[in-house]
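Subject: A structure for you to look at

Hello,

Please find below the structure that I promised to pass on to you. Take a look at it first, and then read the notes that follow.

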Amino acid sequence: MPNLTVKQIDHYNKKGYISELNVLTTKQAKEIRREIEKIEKEWPNSLDGINRNYVHLISPILNEVCLNKNILDAVESIIGKNILICGTTLFIKNPYEKGFVSFHQDAKYIGLEPHNWVTAWIAVTDSNENNGCMRMLPGSHIEDLKYHNENFDEENLLTRGQTIENVSLEMTEPIVLKAGQMSLHHPKVVHGSGINKSKDRRIGFVVQSYIGSNVDQVLGKMYVQKARGEDNFKYHEYSNIPIKLMGLNEINSRNIANNELSKIFYKGSEKIGKY
Ligand SMILES: O=C(O)CCC(=O)C(=O)O
(Lines give C-alpha, C1' and ligand atoms only; values in the text may rest on other atoms or scores of the structure.)
Protein backbone atom coordinates (compact mmCIF):
# COMPACT_ATOMS: atom_id res chain seq x y z
CA MET A 1 0.00 0.00 0.00
CA PRO A 2 1.43 3.41 -0.89
CA ASN A 3 1.20 6.41 1.41
CA LEU A 4 -2.33 7.61 2.18
CA THR A 5 -4.10 9.54 -0.56
CA VAL A 6 -5.02 13.21 -0.13
CA LYS A 7 -8.64 12.10 0.33
CA GLN A 8 -7.68 9.67 3.09
CA ILE A 9 -5.56 12.28 4.88
CA ASP A 10 -8.42 14.72 4.59
CA HIS A 11 -10.74 12.13 6.15
CA TYR A 12 -8.29 11.61 9.03
CA ASN A 13 -7.95 15.35 9.60
CA LYS A 14 -11.71 15.92 9.58
CA LYS A 15 -12.85 12.86 11.52
CA GLY A 16 -9.81 11.89 13.61
CA TYR A 17 -9.38 8.43 12.09
CA ILE A 18 -9.10 6.47 8.89
CA SER A 19 -9.92 2.79 8.52
CA GLU A 20 -10.04 -0.24 6.23
CA LEU A 21 -6.41 0.20 5.26
CA ASN A 22 -5.20 -3.03 3.65
CA VAL A 23 -1.80 -3.57 5.23
CA LEU A 24 -1.44 -7.32 5.82
CA THR A 25 -2.64 -10.39 3.97
CA THR A 26 -5.12 -12.78 5.58
CA LYS A 27 -2.24 -15.26 5.80
CA GLN A 28 -0.09 -12.76 7.73
CA ALA A 29 -2.99 -12.02 10.09
CA LYS A 30 -3.39 -15.77 10.73
CA GLU A 31 0.33 -16.07 11.44
CA ILE A 32 0.04 -13.31 14.06
CA ARG A 33 -2.91 -15.06 15.67
CA ARG A 34 -0.93 -18.33 15.73
CA GLU A 35 1.99 -16.54 17.40
CA ILE A 36 -0.24 -14.98 20.08
CA GLU A 37 -2.01 -18.27 20.75
CA LYS A 38 1.30 -20.14 20.88
CA ILE A 39 2.51 -17.76 23.60
CA GLU A 40 -0.76 -18.15 25.49
CA LYS A 41 -0.53 -21.95 25.30
CA GLU A 42 3.17 -22.48 25.99
CA TRP A 43 3.62 -19.71 28.56
CA PRO A 44 0.24 -19.53 30.33
CA ASN A 45 -0.70 -16.13 31.79
CA SER A 46 2.36 -14.49 30.26
CA LEU A 47 0.16 -11.98 28.40
CA ASP A 48 -2.03 -11.16 31.37
CA GLY A 49 -2.39 -7.80 33.09
CA ILE A 50 0.31 -5.25 32.31
CA ASN A 51 2.02 -7.87 30.11
CA ARG A 52 -0.50 -7.42 27.34
CA ASN A 53 1.76 -4.43 26.60
CA TYR A 54 5.14 -4.34 24.82
CA VAL A 55 4.39 -7.74 23.29
CA HIS A 56 6.59 -6.87 20.30
CA LEU A 57 9.58 -7.12 22.63
CA ILE A 58 9.02 -10.83 23.32
CA SER A 59 8.28 -11.98 19.77
CA PRO A 60 10.34 -11.40 16.61
CA ILE A 61 7.18 -11.99 14.56
CA LEU A 62 5.20 -9.28 16.38
CA ASN A 63 8.20 -6.97 16.21
CA GLU A 64 8.34 -7.45 12.44
CA VAL A 65 4.68 -6.40 12.16
CA CYS A 66 5.54 -3.01 13.71
CA LEU A 67 8.12 -2.51 10.95
CA ASN A 68 5.80 -3.49 8.10
CA LYS A 69 6.27 -1.18 5.13
CA ASN A 70 2.56 -0.80 4.35
CA ILE A 71 1.83 0.21 7.92
CA LEU A 72 4.74 2.65 8.10
CA ASP A 73 3.88 4.25 4.75
CA ALA A 74 0.39 5.05 6.04
CA VAL A 75 1.73 6.25 9.41
CA GLU A 76 4.28 8.46 7.66
CA SER A 77 1.43 10.27 5.90
CA ILE A 78 0.13 11.35 9.29
CA ILE A 79 3.19 12.00 11.48
CA GLY A 80 6.06 12.45 9.02
CA LYS A 81 9.08 10.36 8.23
CA ASN A 82 10.88 10.17 11.57
CA ILE A 83 8.93 7.40 13.28
CA LEU A 84 9.46 5.60 16.60
CA ILE A 85 7.49 2.68 18.01
CA CYS A 86 6.74 3.50 21.63
CA GLY A 87 4.57 0.53 22.57
CA THR A 88 2.20 -2.23 21.60
CA THR A 89 -0.91 -3.62 23.28
CA LEU A 90 -3.07 -6.66 22.66
CA PHE A 91 -6.76 -5.86 22.91
CA ILE A 92 -8.36 -9.29 23.05
CA LYS A 93 -12.04 -9.92 23.61
CA ASN A 94 -12.86 -13.55 24.15
CA PRO A 95 -16.32 -14.89 23.36
CA TYR A 96 -18.61 -15.31 26.36
CA GLU A 97 -16.65 -12.70 28.31
CA LYS A 98 -17.87 -9.20 29.00
CA GLY A 99 -14.81 -7.09 28.14
CA PHE A 100 -15.52 -3.64 26.80
CA VAL A 101 -13.70 -0.32 26.36
CA SER A 102 -15.35 2.82 27.69
CA PHE A 103 -15.30 6.00 25.62
CA HIS A 104 -12.03 7.79 26.20
CA GLN A 105 -9.26 9.85 24.60
CA ASP A 106 -5.82 8.22 24.50
CA ALA A 107 -4.02 11.53 25.04
CA LYS A 108 -5.68 12.02 28.43
CA TYR A 109 -3.30 9.84 30.46
CA ILE A 110 -0.41 8.80 28.27
CA GLY A 111 1.89 11.84 28.55
CA LEU A 112 3.06 12.00 24.93
CA GLU A 113 3.61 15.62 23.91
CA PRO A 114 3.16 17.17 21.36
CA HIS A 115 0.37 15.14 19.76
CA ASN A 116 2.39 14.17 16.71
CA TRP A 117 1.51 10.51 17.17
CA VAL A 118 -1.02 8.03 15.90
CA THR A 119 -2.38 4.71 17.09
CA ALA A 120 -2.45 1.82 14.63
CA TRP A 121 -5.14 -0.79 15.36
CA ILE A 122 -4.28 -3.88 13.35
CA ALA A 123 -7.05 -6.46 12.99
CA VAL A 124 -5.70 -9.94 13.70
CA THR A 125 -9.25 -11.29 13.41
CA ASP A 126 -12.19 -9.61 11.73
CA SER A 127 -13.54 -6.83 13.92
CA ASN A 128 -17.18 -5.84 13.50
CA GLU A 129 -20.25 -4.64 15.37
CA ASN A 130 -21.09 -8.16 16.51
CA ASN A 131 -17.72 -8.87 18.13
CA GLY A 132 -17.12 -5.43 19.64
CA CYS A 133 -15.22 -3.35 17.10
CA MET A 134 -14.05 0.14 18.05
CA ARG A 135 -16.47 3.04 17.62
CA MET A 136 -15.23 6.59 17.00
CA LEU A 137 -16.89 9.93 17.63
CA PRO A 138 -16.13 11.78 14.38
CA GLY A 139 -14.48 15.19 14.75
CA SER A 140 -13.97 14.87 18.51
CA HIS A 141 -10.17 15.13 18.11
CA ILE A 142 -10.58 18.82 17.31
CA GLU A 143 -11.99 19.55 20.77
CA ASP A 144 -10.05 19.83 24.03
CA LEU A 145 -9.33 16.89 26.27
CA LYS A 146 -12.50 15.99 28.15
CA TYR A 147 -13.25 15.09 31.74
CA HIS A 148 -12.91 11.32 32.37
CA ASN A 149 -14.42 9.49 35.34
CA GLU A 150 -12.19 6.73 36.68
CA ASN A 151 -14.58 3.83 37.21
CA PHE A 152 -12.15 0.89 37.48
CA ASP A 153 -14.95 -1.45 36.32
CA GLU A 154 -14.02 -5.12 36.43
CA GLU A 155 -14.80 -5.76 32.74
CA ASN A 156 -13.31 -2.56 31.35
CA LEU A 157 -10.19 -3.25 29.30
CA LEU A 158 -8.75 0.18 30.10
CA THR A 159 -6.30 0.69 32.95
CA ARG A 160 -8.41 3.00 35.13
CA GLY A 161 -11.77 2.41 33.50
CA GLN A 162 -11.40 5.98 32.31
CA THR A 163 -14.75 7.08 30.92
CA ILE A 164 -16.20 10.06 29.12
CA GLU A 165 -19.81 9.75 30.22
CA ASN A 166 -22.89 10.19 28.03
CA VAL A 167 -21.38 9.69 24.59
CA SER A 168 -24.30 9.04 22.25
CA LEU A 169 -23.79 5.73 20.41
CA GLU A 170 -25.77 7.02 17.44
CA MET A 171 -23.23 9.78 16.95
CA THR A 172 -20.36 7.28 16.74
CA GLU A 173 -19.16 5.30 13.74
CA PRO A 174 -18.14 1.63 13.85
CA ILE A 175 -14.66 0.79 12.65
CA VAL A 176 -15.29 -2.46 10.80
CA LEU A 177 -12.12 -4.23 9.73
CA LYS A 178 -11.27 -7.52 8.06
CA ALA A 179 -8.33 -9.49 9.45
CA GLY A 180 -5.21 -7.85 8.01
CA GLN A 181 -6.75 -4.37 7.77
CA MET A 182 -5.80 -1.47 9.99
CA SER A 183 -7.28 1.76 11.29
CA LEU A 184 -5.32 4.80 12.45
CA HIS A 185 -6.66 7.12 15.11
CA HIS A 186 -5.74 10.50 16.52
CA PRO A 187 -4.57 10.93 20.17
CA LYS A 188 -7.65 13.02 21.02
CA VAL A 189 -10.44 11.24 19.15
CA VAL A 190 -13.13 9.88 21.49
CA HIS A 191 -13.48 6.13 21.03
CA GLY A 192 -14.52 2.94 22.78
CA SER A 193 -15.97 -0.49 22.05
CA GLY A 194 -18.70 -2.87 23.22
CA ILE A 195 -18.64 -6.55 24.16
CA ASN A 196 -17.97 -9.49 21.89
CA LYS A 197 -21.25 -11.26 21.12
CA SER A 198 -19.74 -13.71 18.63
CA LYS A 199 -18.40 -17.22 19.13
CA ASP A 200 -14.81 -16.38 18.22
CA ARG A 201 -12.17 -14.11 19.67
CA ARG A 202 -11.75 -10.50 18.56
CA ILE A 203 -8.05 -9.68 18.53
CA GLY A 204 -6.47 -6.30 17.88
CA PHE A 205 -2.68 -5.92 17.82
CA VAL A 206 -2.30 -2.24 18.53
CA VAL A 207 0.80 -0.15 18.05
CA GLN A 208 0.20 2.33 20.81
CA SER A 209 1.63 4.34 19.40
CA TYR A 210 3.79 5.41 16.51
CA ILE A 211 5.30 8.72 17.57
CA GLY A 212 7.26 11.36 15.68
CA SER A 213 10.81 11.57 17.05
CA ASN A 214 9.88 15.08 18.30
CA VAL A 215 7.41 13.59 20.80
CA ASP A 216 8.50 13.51 24.44
CA GLN A 217 7.13 11.48 27.33
CA VAL A 218 6.26 14.05 30.01
CA LEU A 219 5.02 11.63 32.70
CA GLY A 220 7.85 9.13 32.87
CA LYS A 221 10.31 7.00 30.98
CA MET A 222 9.46 5.22 27.77
CA TYR A 223 11.24 2.54 25.74
CA VAL A 224 11.19 2.98 21.98
CA GLN A 225 12.49 1.46 18.82
CA LYS A 226 13.27 3.25 15.58
CA ALA A 227 10.86 2.37 12.78
CA ARG A 228 11.90 4.84 10.09
CA GLY A 229 13.97 8.01 9.55
CA GLU A 230 16.11 9.72 12.18
CA ASP A 231 15.79 10.35 15.88
CA ASN A 232 17.32 13.80 16.25
CA PHE A 233 15.71 14.42 19.63
CA LYS A 234 16.81 11.31 21.54
CA TYR A 235 14.20 11.78 24.26
CA HIS A 236 13.75 8.08 25.01
CA GLU A 237 15.51 4.90 26.06
CA TYR A 238 15.93 2.28 23.33
CA SER A 239 14.66 -1.26 23.81
CA ASN A 240 16.44 -4.42 22.61
CA ILE A 241 15.25 -5.95 19.37
CA PRO A 242 13.85 -9.45 20.07
CA ILE A 243 15.72 -12.39 18.58
CA LYS A 244 14.03 -15.34 20.29
CA LEU A 245 10.39 -15.88 21.15
CA MET A 246 10.05 -15.50 24.92
CA GLY A 247 13.83 -15.66 25.45
CA LEU A 248 15.15 -14.56 28.85
CA ASN A 249 16.60 -11.31 27.48
CA GLU A 250 13.36 -10.62 25.64
CA ILE A 251 11.23 -11.16 28.75
CA ASN A 252 13.60 -9.00 30.75
CA SER A 253 13.33 -6.12 28.23
CA ARG A 254 9.54 -6.41 28.22
CA ASN A 255 9.40 -6.39 32.02
CA ILE A 256 11.61 -3.32 32.32
CA ALA A 257 9.51 -1.44 29.76
CA ASN A 258 6.23 -2.47 31.40
CA ASN A 259 7.43 -1.48 34.83
CA GLU A 260 7.99 2.07 33.55
CA LEU A 261 4.74 2.03 31.59
CA SER A 262 2.77 1.09 34.70
CA LYS A 263 4.16 4.15 36.50
CA ILE A 264 2.90 6.33 33.63
CA PHE A 265 -0.52 4.66 33.49
CA TYR A 266 -1.17 5.13 37.20
CA LYS A 267 0.56 8.43 37.84
CA GLY A 268 -1.45 10.33 40.43
CA SER A 269 -3.93 7.47 40.88
CA GLU A 270 -4.61 6.01 44.32
CA LYS A 271 -5.76 2.76 42.82
CA ILE A 272 -3.99 0.34 40.47
CA GLY A 273 -6.13 -1.49 37.92
CA LYS A 274 -5.79 -4.94 36.33
CA TYR A 275 -3.63 -3.80 33.40
O1 LIG B 1 -9.62 -2.57 21.06
C2 LIG B 1 -10.48 -1.80 21.47
O3 LIG B 1 -11.66 -2.10 21.46
C4 LIG B 1 -10.10 -0.43 21.96
C5 LIG B 1 -8.68 -0.09 21.70
C6 LIG B 1 -8.31 1.31 22.05
O7 LIG B 1 -8.94 1.97 22.84
C8 LIG B 1 -7.14 1.88 21.41
O9 LIG B 1 -6.51 1.22 20.59
O10 LIG B 1 -6.84 3.08 21.67
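Two residues are said to be in contact if their C-beta atoms, placed from the backbone, lie within 7 Å. This is a predicted model, in which local features need pLDDT of at least 70 and side-chain atom pairs count only at pLDDT 80 or more, while totals for chains, interfaces and linings use all residues. Residues are numbered from 1 along each chain as its sequence is written.

With neighbours within four places in sequence left aside, A120 is in contact with I71, V75, M182, L184, V206, V207 and Y210. A120 is also listed, together with V75, I122, V124, M182, L184 and Y210, among the residues with the most contacts inside the largest nonpolar core, which has 70 residues. Such a core is a set of buried Ala, Val, Leu, Ile, Met, Phe, Trp, Tyr and Cys residues joined through C-beta atoms within 7 Å, and a residue is buried if 20 or more other C-beta atoms lie within 10 Å of its own, exposed if 12 or fewer, and partly exposed in between. Of the 275 residues in the protein chain, 46% are buried.

As for contacts with a separation of 6 or more in the protein chain, 84% of them join residues 24 or more positions apart.

The protein chain has six helices and 16 strands, where helices (H or I, at least four residues) and strands (E, at least two) are DSSP runs, numbered from the N terminus. The C-alpha atoms fill a box of roughly 45 × 45 × 40 Å, taken along the principal axes.

Best wishes
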